[in-house]
Amino acid sequence: MTARTLLLTALAMLAFAGNSLLCRLALRDTDIDAASFTGMRILAGALTLWLLLRTRPQGRAGGSWSGAVALFVYAAGFSFAYLQLDAGVGALLLFGAVQLGMLLYGLSRGERLGPWASLGLLLALAGLVALLLPGADAPAPGSAALMLLAGLAWAVYSLLGRGSADPLAATAGNFIRAIPLALLLGLLLVAQSRPDPLGLVYALLSGALTSGLGYAVWYSALRGLGALQAATVQLSVPILAALAGALLLGEALSLRLSLAALAVLGGIALVLSAERPAPLASRQA
């Protein structure tokens, strides 16, 4: 992994953690509803990226409808799940599902990890399973299911972006195409709409900074990562979100979450210490 890829990856992970904090803060401490938060987040991200594209000589948006649908499913599931989940727990569920989705894709495409890296993946997944086991501090099942769905959608979105020649244009196009989907969701749930002003500010920050710009950075980082590495490194986000949630939002760091976080971090270290996975010879033929 080059220094540039490492820097871009670190910035993207900080942006992802920021999304969890802003969403949880908005839905916990303001009256905004999840659909309004999702809509404003996507609209703000699209506007920010479109303005950035306008500063370039050839400022055409790229992306695809498949990317836009994956982005919307992720954003909507993310928002509704955070109605009942703490920032750290939600992020761990989200990126655990991301890892699983990208792991299965990488294996299907012929990528392989060595023994220590494989142990790292198993350790990280064990931490996720431990978090989901029934208990007094287990996450709400419905919200957990929504966050897992959001994670699988984000895995698809990330995989679609790995071959992007222009990350900024692709991200802008995906956000722009997701606008009508967000508007449709808002219309379907208009009776529950509560566009709280402060909540909209949090959604604006999430869309413009930690989503729009953060996802463009992530698309750039993906070009230097294997699918399995990209899956595993994202499991650093729950740790960042949990620590920030405890420090900034007053959320509890339970023993279960702490042990799960330790397992996840150890797994990440083992995977990232290995060489980038290479495809099998059959794929190269």
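**Exercise 1.** Determine which residues T171 is in contact with, leaving aside its neighbours within four places in sequence.

*Solution.* Contact requires heavy atoms within 4.5 Å. Under this criterion, the partners of T171 are L49, Y157, G212, Y215, A216 and Y219. The model is predicted, so local features need pLDDT of at least 70 and side-chain atom pairs count only at pLDDT 80 or more, while totals for chains, interfaces and linings use all residues. Residues are numbered from 1 along each chain as its sequence is written, and side-chain values use heavy atoms, with hydrogens and water left out.

**Exercise 2.** State whether T171 is buried or exposed.

*Solution.* Buried means under 20% relative accessible area, exposed over 50%, and partly exposed in between (1.4 Å probe, protein chains only). T171 has 0% relative accessibility and therefore counts as buried.

**Exercise 3.** Locate T171 in its helix and identify what covers the buried residues of that helix.

*Solution.* First, T171 belongs to helix α7, residues 167-188; helices are DSSP runs (H or I, at least four residues), numbered from the N terminus. Next, the buried residues of α7 include A170, T171 and A172. Finally, the elements covering the buried residues of α7 include α2 (34-54), α3, α6 (141-161) and α8 (197-222).

**Exercise 4.** Find where α7 has a kink.

*Solution.* The bend at a residue is the angle between axes fitted to the seven residues ending there and the seven starting there. In α7, a kink of about 30 degrees lies at I179, shortly before the proline P180.

Terms used
Helices (H or I, at least four residues) and strands (E, at least two) are DSSP runs, numbered from the N terminus.
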